[in-house]
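Open the model in your viewer and keep the selection tool at hand. Each stop below says what to select and what is there.

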Amino acid sequence: MSVLSCWPHGQGVGVVVVVTLKWVTLRLYPAATDLAREAKVDDVVGGHFIAKGTQVVTNLYSCHRHEDFWPRPDEWLPERWLPEQQAALGPRSPDAFMPFSTGGRACIGRYMAVLEAQVVLAVLLQRLELSPPKDGTPEVSVKQAFTLKSSQGVPVSVKPLA
Ligand code: HEM
């Protein structure tokens, strides 16, 4: 099964596919997993008292897989991002997906990162067929380094397209 055959309508290599693969991947495997902040004043967040000076860490990995915000949260579903699937599979809050953080301190390089990902993916998918290895698709396991990484690599079979 090729990577692109996961796409339900089989459009081939199109902008929609490339953009969607990017969003699907950043939801399940956000490169930056945590946002750390220090409380400037006493506050109450979600019913929890946060004293001034407390270090607060928001775990994006968990937010992106939280069942309150995502139907079928652990599934890799490219169609989740199609406009017609938003009601059934889309995020339940506008802030449920934040791989680049949100607000005034959101990633300054996000547009560059998105552009780079689109160009690299488009070039690769035009030239190569990427499939799971013949002996089956292993579960991807991750490790927390400064950014999120695969702990044992991501085995993939690569064939040049004719
Ligand atoms: C997939 C790629 C990327 C991801 C997932 C990502 C994610 C993030 C996140 C989550 C933050 C917020 C950190 C925080 O507030 O604690 C951030 C901040 C930042 N990112 Fe990125 N980033 C990416 C690519 C880039 C690139 C390509 C650049 C530069 C060309 C960049 C430059 C920055 C800078 C300068 C900040 C600090 C912004 C500020 O504090 O005002 N990032 N990034």
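Helices here are DSSP runs of H or I with at least four residues, strands are runs of E with at least two, and both are numbered from the N terminus. With that in mind, start with the whole chain. This is a predicted model.

**Stop 1: the whole chain**

Show the cartoon. The protein has four helices and eight strands. From one end of the sequence to the other, they follow the pattern α-β-β-β-β-α-α-α-β-β-β-β. Of its 162 residues, 9% count as buried. Take the contacts between residues at least 6 apart in sequence: 57% of them join residues at least 24 apart.

Now colour by pLDDT. The mean for the protein is 84, and 86% of the residues reach 70 or more.

**Stop 2: the ligand shell**

Select the ligand and what surrounds it. Which residues are closest? The shell holds 13 residues, and the closest are Ala-32, Ser-101, Cys-107, Gly-109 and Ala-113. Colour the shell by class: 10 residues are nonpolar, two are polar and one is charged. Two elements, β1 (34-38) and α4 (110-127), each supply at least two shell residues.

**Stop 3**

The UniProt record, an unreviewed entry, carries the annotation "binding site" at Cys-107. Cys-107 sits in the loop between α3 and α4. Beyond its neighbours within four places in sequence, Cys-107 is in contact with Phe-100 and Ser-101.

Move on to Ser-101. Ser-101 also lies in the loop between α3 and α4. Check its backbone: phi is positive, about 65°, although Ser-101 is not a glycine. Ser-101 counts as partly exposed because it has 14 C-beta neighbours inside 10 Å.

**Stop 4: strand β1**

Select β1, one of the elements that supply the ligand shell. How many of its five residues are buried? The count is zero, and β1 is hardly covered. Follow the side chains along the strand as you look. In a regular strand, side chains alternate between the two faces of the sheet.

**Stop 5: Lys-52**

Select Lys-52, in the loop between β3 and β4. Lys-52 is exposed because it has 10 other C-beta atoms within 10 Å. Draw a distance to Ala-39. Leaving aside neighbours within four places in sequence, Lys-52 is in contact with Ala-39, Lys-40, Val-41 and Asp-42.

**Stop 6**

Go to the loop between α2 (60-63) and α3 (86-89), where Arg-72 is found. Arg-72 has a positive phi of about 45°, although it is not a glycine. With 11 other C-beta atoms within 10 Å, Arg-72 is exposed.

Step to Pro-73, which is in the loop between α2 and α3. Is Pro-73 exposed or partly exposed? Pro-73 has 15 other C-beta atoms within 10 Å, so it is partly exposed. Its contacts, neighbours within four places in sequence aside, are Arg-65, His-66 and Glu-67. Then draw a line to Leu-28: Pro-73 and Leu-28 are 45 residues apart in sequence, and 8.6 Å apart in space from C-alpha to C-alpha.

**Stop 7: Tyr-29**

End at Tyr-29, in the loop between α1 and β1. Tyr-29 has 19 C-beta neighbours inside 10 Å and counts as partly exposed. The cut-off for buried is 20 or more. Which residues does Tyr-29 contact, beyond its neighbours within four places in sequence? They are Val-142 and Leu-148. Tyr-29 and Arg-65 are 36 residues apart in sequence, with 9.7 Å between their C-alpha atoms.

Methods
Residues are numbered from 1 along each chain as its sequence is written. This is a predicted model: local features need pLDDT of at least 70, side-chain atom pairs count only at pLDDT 80 or more; totals for chains, interfaces and linings use all residues. A residue is near a molecule or strand if its C-beta atom, placed from the backbone, lies within 6 Å of it. Ala, Val, Leu, Ile, Met, Phe, Trp, Tyr, Cys and Pro count as nonpolar, Asp, Glu, Lys and Arg as charged, and the others, Gly among them, as polar. A residue is buried if 20 or more other C-beta atoms lie within 10 Å of its own, exposed if 12 or fewer, and partly exposed in between; C-beta atoms are placed from the backbone. UniProt positions are given in the numbering used here, feature names are shortened, and annotations may be inferred rather than shown by experiment. Two residues are in contact if their C-beta atoms, placed from the backbone, lie within 7 Å. pLDDT is the predictor's confidence in each residue, from 0 to 100.
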